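Subject: A structure for you to look at

Hi there,

Here is the structure I promised to pass on. Please open it next to this email and follow along as you read.

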Amino acid sequence: VDGLPVYTANDVANHKSLENGVWVTYKNGVYDVTQFVHQHPGGSKIMLAAGASLEPYWSMYSSHQTKEVWSILEGMRIGNIPKSEQKDSTDKNSPYATDPARSPILRPSSKAPFNAEPPMPLLTNTFITPTDLFFVRNHLPVPNVSLKTFKLEVGCDGTKKPISLSIDDLKRKFPKKTIVSAIQCAGNRRSEMSRVKHVKGLNWNAAAVSNAEWGGVRLYDILKEAGIDLDDYRGCHVQFEGLDKGPEGATYGASIPVDIIQNMKFDVILAYEMNGKDLPRDHGFPLRVIAPGIVGARNVKWVNKIVISKEESHSHWQRNDYKGFNPSVDWNNVNFDKSASIQQLPVNSAICEPSDGSTLEPDAEEVVVKGYALSGGGRGIIRVDISTDGGETWHEAELDQCKEQTLYKMWAWTLWEAVVPLPAKHGGSAQIICKAVDSSYNVQPDGVEGIWNLRGCLVNPWHRIKICIPS
Ligand code: HEM
Ligand code: MTE
Ligand code: MO
């Protein structure tokens with residue numbers, strides 16, 4: 001590095017196009033990234049840093065703060081910035097400096113943006129996940145929203161004049177609806193997929209899912225107020241936009257097809273409460289979408305804009321992320337345009353107790369197994385099967401479900417429990433397996449190989465844990 005040429009900020013600024021070359025700086029290095037622009041997994045956003053420093057972008061999109069990404073960058077190094085321009089880079093101006101405090105119990109898979117899940121055995125302690133333990137999935141810094149200025153805007157692409165409502169309007173003018181609904185991230189259980197072959201994304205365990213009671217207004221009522229009848233918009237999409245912004249000003253957004261929303265018409269809500277209190281900042285204060293049975297990514301937090309459109313949301317996370325692919329698709333041949341956005345999730349379940357790798361009492365003959373199960377689209381869970389002999393024999397678990405919900409509109413998760421015998425010849429350890437069946441008789445695949453995908457989404461094979469049984 002020391003022998004490389006020195007380039008001033010001016011030299012770098014003169015290289016900001018594909019024709020003249022694309023140069024960027026990072027810390028004290030100068031890099032020519034021209035050839036990399038078209039291979040960038042984050043798309044053309046890379047051009048925002050052309051002729052300038054990557055630092056503000058990488059502190060925001062901290063998926064770049066890894067050895068792999070640094071080594072890609074170092075491979076493109078062409079020089080150094082002059083001593084006179086070097087500064088010490090402390091992070092007090094981090095866009096995450098104003099994020100809220102979090103429970104130390106949560107286990108972060110990334111700190112900025114903040115992403116964390118609760119420890120597995122705490123997940124099944126209560127049917128309603130305590131707010132402080134609810135998993136958090138943020139892509140960007142948490143916005144600091146004032147109720148004084150907050151407005152929700154609702155309209156149609158181009159046509160109708162949008163209406164604008166404050167939180168006070170929502171609370172005063174519309175009936176309050178509460179609903180118990182689970183939220184599950186598309187990347188839940190990703191770490192199990194990574195064990196087969198590396199996938200890109202946060203390394204979630206099986207607790208990127210939680211279940212809460214949400215209070216708010218029905219989307220149906222708000223659309224009616226805006227003069228919108230979704231029956232007139234079949235084949236269209238309801239787009240939601242959040243207030244969290246990237247450095248280039250693009251906000252988080254997502255959309256759900258009208259045809260899905262029409263089938264659950266009165267159950268999609270704009271929530272201002274979580275477990276009986278104002279929404280906390282991490283979960284979308286002051287307003288978020290609760291679209292039960294739909295993948296977490298479409299449950300837009302800090303939502304301030306709703307638009308009915310012929311098109312899906314143009315957000316990166318709608319079009320170039322949160323999609324599934326055939327196991328042979330890799331980053332060289334992936335075509336995000338050809339795959340449907342994930343909406344309703346497949347049936348899934350996991351063992352939360354005992355913990356993977358834990359040790360039972362010496363010579364234990366049976367074990368109490370607890371976990372959760374859920375499916376997408378309101379499909380309730382009809383059965384959870386447990387095996388301790390590699391799938392030769394199965395035991396049915398007792399199910400704990402939300403009494404107010406029916407099998408075909410089950411938005412809450414199912415908790416389950418079973419007391420199962422351990423194999424007599426266990427040789428010091430055993431494997432426990434669980435699998436669930438939903439109301440359409442969908443089942444979980446027995447292995448992860450056939451559903452492997454480069455982004456590590458939709459991970460729902462039989463869940464297996466290992467336990468030790470000392471003798
Ligand atoms: C994703 C490299 C600049 C925005 C990625 C990934 C790599 C990468 C390897 C995949 C990371 C993963 O998910 O494991 C680089 C390199 C850059 C660069 C070498 C140097 C020139 C930028 C800039 C932006 C940006 C300037 C500006 C906003 C993104 C976004 C993603 C991404 C949005 C998608 C991943 C996510 O969801 O966070 N980049 N990048 N990148 N990059 Fe970059
Ligand atoms: N909404 C906004 N505005 N910004 C986000 O980063 N993350 C989404 C969704 N809504 C996100 C968002 C994803 S991917 C998930 S899984 C859920 O929020 C997680 O909700 P939670 O953080 O309340 O658990
Ligand atoms: Mo997610």
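Aspartate 321 sits in the loop between α9 and β19; helices (H or I, at least four residues) and strands (E, at least two) are DSSP runs, numbered from the N terminus. Before going further, note that this is a predicted model, in which local features need pLDDT of at least 70, side-chain atom pairs count only at pLDDT 80 or more, and totals for chains, interfaces and linings use all residues. Residues are numbered from 1 along each chain as its sequence is written, chains are lettered from A and ligands numbered from 1 in the order in which they are written, and side-chain values use heavy atoms, with hydrogens and water left out.

Is aspartate 321 buried or exposed? It counts as buried, because its relative accessibility is 4%; buried means under 20% relative accessible area, exposed over 50%, and partly exposed in between (1.4 Å probe, protein chains only). Side chains of opposite charge can pair when their charged atoms come close. Aspartate 321 and arginine 455 form a salt bridge (3.1 Å, N to O), that is, a side-chain nitrogen of Lys or Arg within 4 Å of a carboxyl oxygen of Asp or Glu. This pair links distant parts of the chain, 134 residues apart, with arginine 455 in the loop between β25 (429-438) and β26 (463-468). Arginine 455 is buried as well as aspartate 321.

**Other salt bridges**

The structure holds 17 salt bridges. One of them joins arginine 172 to aspartate 169 (3.4 Å, N to O). Both residues lie in helix α5 (residues 167-173), 3 residues apart, about one turn of the helix. Arginine 172 is exposed at 57% relative accessible area, while aspartate 169 is buried at 14%.

Another salt bridge is between arginine 379 and aspartate 438 (3.4 Å, N to O). Arginine 379 is in the loop between β20 (366-374) and β21 (381-387) and aspartate 438 is in strand β25, so the pair ties together parts that are 59 residues apart in sequence. Here arginine 379 is partly exposed at 21% relative accessibility, and aspartate 438 is buried at 0%.

Lysine 323 is in the loop between α9 (316-319) and β19 (348-353). The side chain of lysine 323 does reach the backbone oxygen of arginine 319 at 3.2 Å, and one of its polar atoms lies 3.0 Å from the backbone oxygen of serine 339.

**The two ligands**

Around ligand 1 there are 19 residues, and His40, Trp58, Tyr61, Ser63 and His64 come nearest; a residue is near a molecule or strand if one of its heavy atoms lies within 4 Å of it. A polar side-chain atom of histidine 64 is 2.7 Å from a nitrogen atom of ligand 1.

Ligand 2 has 18 residues around it, with Phe135, Asp244, His283, Arg288 and Lys301 nearest. An oxygen atom of ligand 2 lies 2.5 Å from an N or O atom in the side chain of lysine 301.

Happy exploring!

Methods: Polar contact = N/O pair within 3.5 Å; in protein donor to acceptor, adjacent residues only side chain to side chain.
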